[in-house]
Amino acid sequence: AEANARGFVQAPPLSMVLCSNRLSTAQEVEEVLLHELIHLYDLKVKGLDFSKCPELAFSEIRAARESECKIGSYSTTSALCSGVRDRLPSAGLSFSGKA
């Protein structure tokens, strides 16, 4: 796991870990929980392979967009949230599904 992670998915067994020492508010817990649940969904339902860089990047962008960007409008303070949709086609990905 990454040194500054607030949460992560690990396997085997497939599980989610939340780092309580890095989560100080209920909103942070909710963001991390949603972020990691999106990764689990991408692994189990969409069948993404996180050993492939484009598929991991797709899941990271999607998880960040859905859990950390403001609903209805993307935060202008987050480089990850601004212009995400514009960058995906060059990687052969779209938010509608796998490449």
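The structure is a predicted model, in which local features need pLDDT of at least 70, side-chain atom pairs count only at pLDDT 80 or more, and totals for chains, interfaces and linings use all residues. Residues are numbered from 1 along each chain as its sequence is written, and side-chain values use heavy atoms, with hydrogens and water left out. The protein chain has three helices and two strands, where helices (H or I, at least four residues) and strands (E, at least two) are DSSP runs numbered from the N terminus.

**Overall organisation**

- Read from the N terminus, the elements follow the order β-β-α-α-α.
- The protein chain has 99 residues, of which 30% count as buried; buried means under 20% relative accessible area, exposed means over 50%, and partly exposed lies in between, with a 1.4 Å probe and protein chains only.
- Among the contacts in the protein chain with a separation of 6 or more, 40% come from residues 24 or more positions apart; a contact means heavy atoms within 4.5 Å.

**The loop between the strands**

- Pro 12 lies in the loop between strand 1 and strand 2, and a cis peptide bond with omega of about -15° joins Ala 11 to Pro 12.
- Pro 13 is also placed in the loop between strand 1 and strand 2, and Pro 12 and Pro 13 are joined by a cis peptide bond with omega of about -15°.

**Val 17 in strand 2**

- Val 17 is located in strand 2 and counts as partly exposed, at 25% relative accessibility.
- Leaving aside residues up to four places away in sequence, Val 17 touches Gly 7, Phe 8 and Gln 10.
- Val 17 and Val 32 are 15 residues apart in sequence, and their C-alpha atoms are 9.7 Å apart in space.

- Helix 1 has 19 residues and spans 27 Å from its first C-alpha to its last, close to the 27 Å expected at 1.5 Å a residue; the expected span is 1.5 Å times one less than the number of residues in the helix.
- The buried residues of helix 1 are Glu 31, Val 32, His 35, Glu 36, Ile 38, His 39, Leu 40 and Asp 42.
- Strand 1 (7-10), strand 2 (15-18) and helix 2 are included in what covers these buried residues of helix 1.
- Helix 2 has 16 residues and reaches 21 Å from its first C-alpha to its last, close to the 22 Å expected at 1.5 Å a residue.
- In helix 2, the buried residues are Glu 55, Phe 58, Ser 59, Arg 62, Ala 63, Ala 64, Arg 65 and Ser 67.
- Phe 58 belongs to helix 2 and counts as buried at 1% relative accessibility.
- The C-alpha atoms of Phe 58 and Leu 48 are separated by 9.1 Å, and the two residues are 10 apart along the chain.
- An α-helix has 3.6 residues a turn, so residues three or four places apart point the same way.

**How helix 1 and helix 2 pack**

- Two packed helices are described by the angle between their axes and the distance between the axes.
- Helix 1 (residues 26-44) packs with helix 2 (residues 53-68) at an angle of about 145°, and their axes are 8 Å apart; axes are lines fitted to C-alpha atoms, for helices over the stretch in contact, and angles run from 0 to 180 degrees between N-to-C directions.
- On the side of helix 1, the contact is made by Glu 31, Leu 34, His 35, Ile 38, His 39, Tyr 41 and Asp 42.
- On the side of helix 2, the contact is made by Ser 59, Glu 60, Arg 62, Ala 63, Ala 64, Glu 66, Ser 67 and Glu 68.
- The residues of this contact comprise five nonpolar, four polar and six charged; Ala, Val, Leu, Ile, Met, Phe, Trp, Tyr, Cys and Pro count as nonpolar, Asp, Glu, Lys and Arg as charged, and the others, Gly among them, as polar.

- Glu 31, in helix 1, is buried, with a relative accessible area of 17%.
- Glu 31 touches Arg 6, Ser 67 and Glu 68, not counting residues up to four places away in sequence.
- Glu 68, in helix 2, is partly exposed, with a relative accessible area of 33%.
- With residues up to four places away in sequence not counted, Glu 68 touches Arg 6, Glu 31, His 35 and Ala 63.
- The C-alpha atoms of Glu 68 and His 35 are separated by 7.9 Å, although the residues are 33 apart along the chain.

**Cysteines**

- A search of the whole structure finds zero disulfides, a disulfide being a pair of cysteine sulfur atoms within 2.5 Å.
- Cys 19 counts as buried at 12% relative accessibility, whereas Cys 53 is exposed, with a relative accessible area of 63%.
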